[in-house]
Structure formats: C-alpha cells, structure tokens
Amino acid sequence: MGAAGMRGEGRVRAARMQEVDRVAALWSLITEHHAGLDPLFEMRRGPSAEGELRELLRSLHRDPDAEILVYDRLTEGEGTPEGLCIVRIDRAPPILVETERAEITDLGVRPALRRQGIARRLVEEAMAWARDRGVERIEIQVASGNREGQAFWRAMGYTDLMDVLHKRL
C-alpha cells in the first residue's frame, strides 16, 4: 500500500489508559531498534522492567504537561497502536527569558509501516499540542548514529542546538 493510502486510513490520537500494555509493547519495539544503533540503548528485560515501563506510561498519562500520542488505523473504536510519540513540557529556571519548552522524548513507528508519513503526522500533532499550550519551541534528541532519524528530523525543519557529550566512568 502506498503512502497516500496510509495517510487517509489512520489517525493520531491521545493514548488511552486502558491500552497501556499495547503502548508499552510498541515503545519496547521502538527501543529495540535503537539498541541496534548503540549498546547504550540496550533495554532491561523481565517483569520488573516491564512493570516499571507500564507505570511510567501511567504517570505520563496523568501528567497535564505530557501527552502520549499514538497512530492507529481505525477511525472508530480502539486500534492497535502502530506509531508512538511522547511529548512533554519542561520548565527552565526563571533566570532565562524562555522558561518553557517542549521536548519530544520518544518517536517511533512499527518497522513495516515506516516511510509512510506516520511519524510526520505524530510530530505535527505533538507540535500542535505544544503550541496550544503556549509553548514556542520543541527540542528533540536523536542519536548521532541514527542516520534515518537524523534525516527525518532535519527534513521536519529541526536544526542543531547543542552537542550532547558523554563519557563512561
């Protein structure tokens, strides 16, 4: 199916609390993709880690300064999330002129559905969500080794702000 067909079939919506297990499974799938880029992104496994992930999603769902957006292919009812975008508002100390910014902390689409405009739709909805709350800027972090992600974000108009450096101790 072509990108034009996919664009008309699905929708972006806020995730529902009752689908936390499906959203957690999708987030894990997205994270596994990143683990292939760098061992730093390796996921913890087991019931404890899975429970913590579900609790994090519940916490984000309750947070008025965060939104969990999903893409699904149903127009009514509840479909299986095929894409995920988490956006949140971050407040800086009042020593800066700009005291609020939004951050897209996670974005991903099931591998079989990539390159069909789903991530773009999720990001556009996240930007609208932030704009509706009076936020004027969004930041993202993308791994330097994630060439596909780098290209996507640059095509969306995001530009360099700062380098994130790290060192193992």
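Colleague: Which residues line the largest cavity, and what makes them lining residues?

Modeller: They are Ala15, Arg16, Met17, Glu19, Val20, Val23, Leu57, Arg58, His61 and Ile68. Each counts because a lining residue has an atom within 4 Å of a cavity point. Helix H2 (20–35) and helix H3 (47–62) are the elements that give two or more residues to this lining, and H3 has the largest share, with three. The model is predicted: local features need pLDDT of at least 70 and side-chain atom pairs count only at pLDDT 80 or more, while totals for chains, interfaces and linings use all residues. Residues are numbered from 1 along each chain as its sequence is written, and side-chain values use heavy atoms, with hydrogens and water left out.

Colleague: Why is this space called a cavity, and what is its volume?

Modeller: The term applies because, on a 1 Å grid over the protein atoms alone, a 1.4 Å probe fits at these points but cannot get out. The volume is about 60 Å³, taken as the space filled by probe spheres on points joined across faces, edges and corners. A search of the whole structure for cavities of 30 Å³ or more finds one.

Colleague: How do you divide the lining by residue type?

Modeller: Into six nonpolar, one polar and three charged residues.

Colleague: What makes E1 and E5 edge strands?

Modeller: The open sheet has the order E1-E2-E3-E4-E5, with mixed pairing. E1 (11–14) and E5 (138–140) each have a single partner strand, so one side of each lacks a neighbour in the sheet. From one strand to the next the twist averages 25 degrees.

Colleague: How does helix H4 lie relative to the sheet?

Modeller: H4 (118–132) lies across E1, E2, E3, E4 and E5, at about 160 degrees to E4. Contact means heavy atoms within 4.5 Å; angles run from 0 to 180 degrees between N-to-C directions of lines fitted to C-alpha atoms, for helices over the stretch in contact.

Colleague: Why does the radius of gyration agree with a compact globule?

Modeller: The rule, over C-alpha atoms, is 2.2 Å times the number of residues to the power 0.38. For 169 residues a compact globule would be near 15 Å and the chain has 16 Å, so the two agree. The C-alpha atoms fill a box of roughly 45 × 40 × 35 Å along the principal axes.

Methods:
On a 1 Å grid over the protein atoms alone, a cavity is a set of points where a 1.4 Å probe fits but cannot get out, and a pocket is an open set with protein on both sides within 12 Å along at least five of seven lines; lining residues have an atom within 4 Å of a point. Helices (H or I, at least four residues) and strands (E, at least two) are DSSP runs, numbered from the N terminus. Ala, Val, Leu, Ile, Met, Phe, Trp, Tyr, Cys and Pro count as nonpolar, Asp, Glu, Lys and Arg as charged, and the others, Gly among them, as polar. Two strands pair if DSSP finds at least two bridges between them.
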